[in-house]
Every structure is written in C-alpha cells, then in structure tokens.
Amino acid sequence: MNVIRTASFLLLALALSACAAKPARDSAPASVAVAAEAAPPAAPTATVVTPADTATPVAGAEAAQGAAAAPTAGNGVAPTGAEDDFAALYGGPAPTAEGAEPGRSPYDPWEGFNRRVHAFNDVVDRAVARPLATAYTKVVPRVARTGVTNFFSNLRAPVTITNQLLQGRPGDAWDSLGRFVMNSTLGVGGLFDPASRALVPRRSEDFGQTLGAWGWRSSRYVELPFFGPRTVRDVFGLAGDIPLSPIRTIEEDKIRITLQGLQLVDMRSQLMALDDIRDNAVDEYALTRDAWLQRRNYQIQNDLRGKRERGRNDDDDAPIPVDAMPMPNWGN
C-alpha cells in the first residue's frame with residue numbers, strides 16, 4: 001500500500017515539475033488551470049491512483065496547447081529572449097548572414113571568441129564612447145551636430161562612388177558624384193545638405209558590399225575590437241576601402257586623429273536611441289549580432305535590385321568605416 005501511495009506522489013511531482021519547467025510566455029493554458037483546480041488532494045488510501053492516471057493527459061494537453069500558442073523558429077525551437085527583443089525592435093525575426101529564412105541560427109561558429117570581443121567592446125563603449133557621446137549631445141547644439149554628420153557623410157562619397165562603379169551601377173555613381181559636387185560647393189564643404197532638398201538619393205557603399213554583390217553572399221560573423229560587428233567578407237573589404245579614404249590621406253597626425261575621433265563620437269551619438277533597448281536585452285550580444293546581420297544582408301540584397309526597386313541604403317546604417325579609426329597611415 002505504501003509503495004502505491006509513494007509511486008502516486010512521485011508521478012504527480014514529476015508531472016508538476018515538467019509543467020513548472022516550461023517557460024511561461026503569456027498565460028497558462030485554460031485546460032491546465034482547470035485540471036489543476038479540479039484535481040483532488042491525494043488521500044491516504046490504497047485506491048488513490050488518480051494523480052498518476054491524470055498526470056500524463058494534463059501534461060500532454062499543456063504541451064499541445066503550448067506548441068500551438070508559442071511561436072517556434074524554423075528549426076522547431078522556441079524563440080529566445082534576444083529574438084523576442086529583436087522582433088519587438090525590428091518587427092520580425094532575424095535572418096541569417098547568408099539571407100536564409102528567418103528563425104534559423106546565424107552563421108556564428110566563432111561565437112565564443114566573438115562574445116569575449118563583444119564584452120571588451122562593451123566595456124570600452126560604456127567607459128569611453130557613451131560618456132563622450134552623451135557630453136557631445138548636451139554641449140553641441142543640434143544644428144552643429146547635423147553639420148558634422150553631413151560633413152563626414154560627404155567625405156565618404158569617393159568610397160561610395162568607386163564601389164558603385166565596381167558593382168556595375170554607373171547611374172547610381174553619377175547620382176553620388178552629383179551629390180558630392182553639390183554638397184561640397186553649395187553645401188559649404190558638406191556642412192549643409194542641399195542635395196537632399198534636390199531629391200538626390202544618398203547612398204553608402206563599401207568594398208564589403210561590393211564583394212557581396214560579386215557573389216560572396218555567405219560569410220561567417222566576426223566581431224573586431226573597436227570596429228565592432230563584421231563578417232569575414234567585410235574584414236577583407238576594409239583593405240579595399242583604406243586607399244579611398246580622404247581622411248587617411250591627411251599626413252598631419254593631430255588633424256587626422258582629431259577628425260577621426262570627432263567622427264566616432266558623432267556616429268556613437270546617433271546610436272544613443274538604442275541604448276535602453278541594448279541595456280534591457282536578455283542577450284545583448286545576440287541582439288546586436290542578429291540586428292547587424294539582418295541589416296547587412298539587406299544592404300547587399302538591395303545592391304542587387306534594379307535602380308527603381310532599390311530601397312534606402314544610407315550612411316546611418318553603414319558599419320564603422322575604416323577612416324573613422326585612428327590607425328597607422330600605411331600609405332605614407
């Protein structure tokens with residue numbers, strides 16, 4: 001008799017443990033709640049085997065309703081907290097680096113290394129970049145900050161024009177050249193943006209996008225110290241952009257490094273709107289990786305579309321350019 005009673009309690013405990021171990025995403029299924037309320041307490045008699053008999057149907061009902069209610073990824077795994085954060089921010093699940101269907105794991109075989117680099121970059125960001133960007137937005141008026149952003153955007157025109165030509169897009173290169181000339185002259189060296197008022201499209205291209213347009217679609221994710229998110233393809237792309245950088249042609253180190261530092265602070269100030277989302281993310285590394293890969297894949301796919309079907313692809317969504325990093329001036 002004691003054996004039957006003990007087995008009944010053990011089976012009931014296992015069923016309740018299985019129910020408790022499931023992540024609560026919205027609310028408990030109604031059938032589970034009713035069954036839990038209706039289940040009578042076990043009485044100390046030899047005929048009480050109801051908990052053991054009802055444990056399996058209750059757990060099965062919960063599993064069936066949970067599978068129907070909880071969204072699952074393409075591989076049958078429920079979304080992680082980071083994926084939920086990404087969906088709330090971007091309105092949909094993140095695709096892979098090679099543009100595969102949403103829900104599958106990104107191509108990140110170096111995740112352990114990338115997480116350590118990301119942790120280092122996060123320390124640098126919180127200790128240096130974010131405080132500087134915060135002070136910059138408080139001290140410098142908005143109109144002056146807009147002028148700084150326009151100036152550095154205009155300086156990237158040679159990189160964009162060259163890569164548009166390499167991608168076989170002479171029409172876009174002509175638009176970018178016209179934009180550069182207009183903003184450099186009428187816009188007082190790029191501080192103002194009359195080209196946008198004239199409806200000349202603004203685009204940003206780099207050699208990493210060119211390699212993608214040439215066929216290098218799939219590339220594993222890697223995070224670099226200071227440079228942040230990249231793919232292996234984009235690391236090779238840095239070598240193609242270095243000779244085209246106007247800032248890196250400045251031989252005076254003080255002037256070049258000052259401009260590079262100002263560009264970094266300006267770029268970081270434009271990302272301050274996302275700080276709360278990053279701070280509250282369950283997995284900030286996965287959120288950053290998935291958001292960056294989705295946007296990068298969109299940029300490359302966008303380059304392959306016709307000119308009329310092509311969407312926006314401007315500087316606000318570009319990775320940190322090579323000319324923004326204080327690096328040795330190998331060309332001199």
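Is Phe120 buried, exposed or partly exposed? At 38% relative accessibility, Phe120 counts as partly exposed, where buried means under 20% relative accessible area, exposed means over 50%, and partly exposed lies in between (1.4 Å probe, protein chains only). This is a predicted model, in which local features need pLDDT of at least 70 and side-chain atom pairs count only at pLDDT 80 or more, while totals for chains, interfaces and linings use all residues. Residues are numbered from 1 along each chain as its sequence is written, and side-chain values use heavy atoms, with hydrogens and water left out.

**The chain as a whole**

- The chain has 14 helices and two strands; helices (H or I, at least four residues) and strands (E, at least two) are DSSP runs, numbered from the N terminus.
- Of the 332 residues in the chain, 38% are buried.
- The accessible surface of the chain is about 17900 Å², and 65% of that belongs to carbon and sulfur atoms; the areas come from the Shrake-Rupley method with a 1.4 Å probe, and for residues only the protein chains shown count as cover.
- Among contacts with a separation of 6 or more, 74% are between residues 24 or more positions apart, a contact being heavy atoms within 4.5 Å.

**Aromatic pairs**

- Six aromatic pairs are found in the structure; rings of Phe, Tyr and Trp (its six-membered ring) pair if their centres lie within 6.5 Å, and planes under 30 degrees apart count as stacked, over 60 as edge-to-face and the rest as tilted.
- The ring centres of Phe120 and Phe226 are 5.4 Å apart with the planes at 80°, so this pair is edge-to-face.
- Phe120 belongs to helix H5 (residues 111–139) and Phe226 to the loop between strand E1 (221–224) and strand E2 (228–231), so the pair ties together parts that are 106 residues apart in sequence.
- Phe226 is partly exposed, at 48% relative accessibility.
- Phe207 and Trp214 also make an edge-to-face aromatic pair, with 5.8 Å centre to centre and 90° between the planes.
- Phe207 is buried, at a relative accessible area of 17%.
- One aromatic cluster is formed by Tyr221, Tyr285 and Trp292.

- Trp214 sits in the loop between H10 and E1.
- Not counting residues up to four places away in sequence, Trp214 touches Leu166, Gln167 and Phe207.
- A polar atom of the Trp214 side chain lies 3.1 Å from the backbone oxygen of Leu166.
- Arg220 is in the loop between helix H10 (207–213) and E1, and is partly exposed with a relative accessible area of 25%.
- Leaving aside neighbours within four places in sequence, Arg220 is in contact with Tyr107, Pro109, Trp110, Arg230, Thr231 and Val232.
- Arg220 and Thr231 are eleven residues apart in sequence, and their C-alpha atoms are 5.5 Å apart in space.

**Salt bridges**

- The whole structure holds 23 salt bridges, each being a side-chain nitrogen of Lys or Arg within 4 Å of a carboxyl oxygen of Asp or Glu.
- Arg115 and Asp283 form a salt bridge through their side chains (2.7 Å, N to O).
- Arg115 lies in helix H5 and Asp283 in the loop between helix H13 (275–280) and H14, so the pair ties together parts that are 168 residues apart in sequence.
- Both partners are partly exposed: Arg115 has a relative accessible area of 31%, and Asp283 is at 23%.
- Asp279 forms a salt bridge with Arg130, with the closest N and O atoms 3.3 Å apart.
- This pair links distant parts of the chain, with Asp279 in helix H13 and Arg130 in helix H5, 149 residues apart.
- Asp279 is partly exposed at 34% relative accessibility, whereas Arg130 is buried with a relative accessible area of 15%.
- Asp279 and Arg130 are part of a network of salt bridges that also links Asp122, Asp125, Arg126, Arg268, Asp275, Arg278 and Glu284.
- Arg289 and Asp290 form a salt bridge with their closest N and O atoms 2.9 Å apart, and both residues are buried.

**A surface patch**

- Trp174, Leu177 and Val181 make a nonpolar surface patch of about 330 Å²; patches are made of residues with over 30% relative accessible area and no salt bridge, with like charges joined within 9 Å and nonpolar side chains (Val, Leu, Ile, Met, Phe, Trp, Tyr) within 5 Å.
- Trp174 lies in helix H8 (residues 170–185) and is exposed, with a relative accessible area of 64%.

Note on methods: A polar contact is a pair of N or O atoms within 3.5 Å; within protein, one must be able to donate a hydrogen and the other to accept it, and residues adjacent in sequence count only if both atoms are side-chain atoms.
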